[in-house]
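Here is a briefing on one chain, sorted by topic. Please read it alongside the sequence and the model.

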Amino acid sequence: MQLSPFWRAYRRMLGSEARARLEHRADFALMILGVAATSLSTAATLYFMLGASGTIAGWHRGELIFMQGFMFCIFAPQSACYNGMFWLEHWLKTGAFLRFYTRPANPLLLLALERFHPQGFVVLAIGLAYCSFGLWGNPVLAEPRFYLGFVLLVPLSALVLWVINLAALSTCFWIGESNPVFSTVGKLTDMSRYPLDLFPKLATMIFMVLPLAGTVWWPSQALLRHASLPLTYHPVPDIA
């Protein structure tokens with residue numbers, strides 16, 4: 001099967017970006033160590049803070065660790081393939097964004113595909129390790145429905161997260177900079193990795209409306225609490 005000119009060019013861009021990143025091996029190694037260290041510290045905090053009972057609001061510590069891992073998994077495509085969108089404000093201020101208007105495709109799509117970073121594979125590996133460790137020995141791993149749901153919901157939840165972050169970053173078109181909105185959304189996204197049962201009703205409603213609940217909460221309900229998989233799967237692309 002022959003690739004279209006766009007995908008051939010994109011493949012060459014991936015190769016050149018990956019080689020450029022890996023040339024600075026010390027920087028790349030330090031980045032991996034940083035991601036691994038912060039990930040392990042988060043997992044350790046979750047594991048020990050629940051005490052002897054190991055549960056909070058009906059959720060076991062392993063399930064909480066799984067939710068953290070699920071967030072890593074859905075962030076991995078954004079970290080690797082859509083790394084360019086974090087440059088939106090810089091390119092807009094320097095005028096470099098104008099080049100997207102001369103190309104025969106959606107400017108935001110081109111922006112998302114502008115850069116590639118191999119750290120996405122590291123983030124994905126850490127996310128899968130989190131998920132495996134969190135559910136180790138859990139009966140849900142013996143159910144084929146779990147694996148089907150995981151494969152279906154990870155890309156859809158990744159799409160929701162990408163759309164939310166891209167919308168936050170795009171506010172620089174209207175207010176001149178995206179950092180205030182993106183930082184706020186980032187903090188809310190970090191909070192959405194936890195069960196919404198832990199938050200007051202008003203906060204839960206905010207997560208539903210944004211809709212950050214589509215990143216981790218609804219998929220976790222389907223994967224761990226046997227909520228309807230079709231009812232979880234079908235609305236997610238519509239939300240995005």
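The chain holds 13 helices and two strands; both are DSSP runs numbered from the N terminus, with helices being H or I over at least four residues and strands being E over at least two. This is a predicted model, in which local features need pLDDT of at least 70, side-chain atom pairs count only at pLDDT 80 or more, and totals for chains, interfaces and linings use all residues. Residues are numbered from 1 along each chain as its sequence is written, and side-chain values use heavy atoms, with hydrogens and water left out.

**Overall burial and contacts**

- Of 240 residues, 42% count as buried (under 20% relative accessible area; exposed is over 50%, partly exposed in between; 1.4 Å probe, protein chains only).
- Among contacts with a separation of 6 or more, 71% join residues 24 or more positions apart (contact: heavy atoms within 4.5 Å).

**Nonpolar cores**

- The largest nonpolar core has 31 residues (a core is a set of buried Ala, Val, Leu, Ile, Met, Phe, Trp, Tyr and Cys residues joined through side-chain atoms within 4.5 Å).
- Its members that touch the most others are Phe66, Phe70, Ile74, Phe146, Phe150, Leu223 and Leu224.
- Helices α3 (61–80), α7 (144–169) and α11 each give two or more residues to this core.
- The largest share comes from α7, with nine residues.
- A second, separate core of ten residues includes Phe72, Ala76, Val123 and Tyr130.
- Beyond four places in sequence, Phe70 touches Cys131, Phe150, Leu153, Val154, Ser157, Thr215, Val216, Pro219 and Leu223.

- Helix α11 spans residues 217–224, and six of its eight residues are buried, so it is largely enclosed by the rest of the structure.
- Those buried residues are Trp217, Pro219, Ser220, Ala222, Leu223 and Leu224.
- Just after α11, His226 takes a positive phi of about 55°.

**The salt bridge**

- A search of the whole structure finds one salt bridge (a side-chain nitrogen of Lys or Arg within 4 Å of a carboxyl oxygen of Asp or Glu).
- Glu63 pairs with Arg225, and their closest N and O atoms are 2.7 Å apart.
- Glu63 lies in helix α3 and Arg225 in the loop between α11 and α12 (229–233), so the pair ties together parts that are 162 residues apart in sequence.
- Glu63 is buried at 9% relative accessibility, while Arg225 is partly exposed at 31%.

**Ser192**

- Ser192 sits in the loop between α9 (179–191) and α10 (201–209).
- Is Ser192 buried or exposed? Its relative accessible area is 1%, so Ser192 is buried.
- Ser192 and Val216 are 24 residues apart in sequence, with 6.8 Å between their C-alpha atoms.

**Surface patch**

- Phe173, Trp174, Ile175 and Val181 form a nonpolar surface patch, with about 440 Å² of accessible area together (patches take residues with over 30% relative accessible area and no salt bridge; like charges are joined within 9 Å, nonpolar side chains (Val, Leu, Ile, Met, Phe, Trp, Tyr) within 5 Å).
- Helix α8 (172–175) gives the most to this patch, with three residues.
- Phe173 lies in α8 and is partly exposed, at 33% relative accessibility.

Conventions
Areas by Shrake-Rupley, 256 points an atom, 1.4 Å probe, with all protein chains shown as cover.
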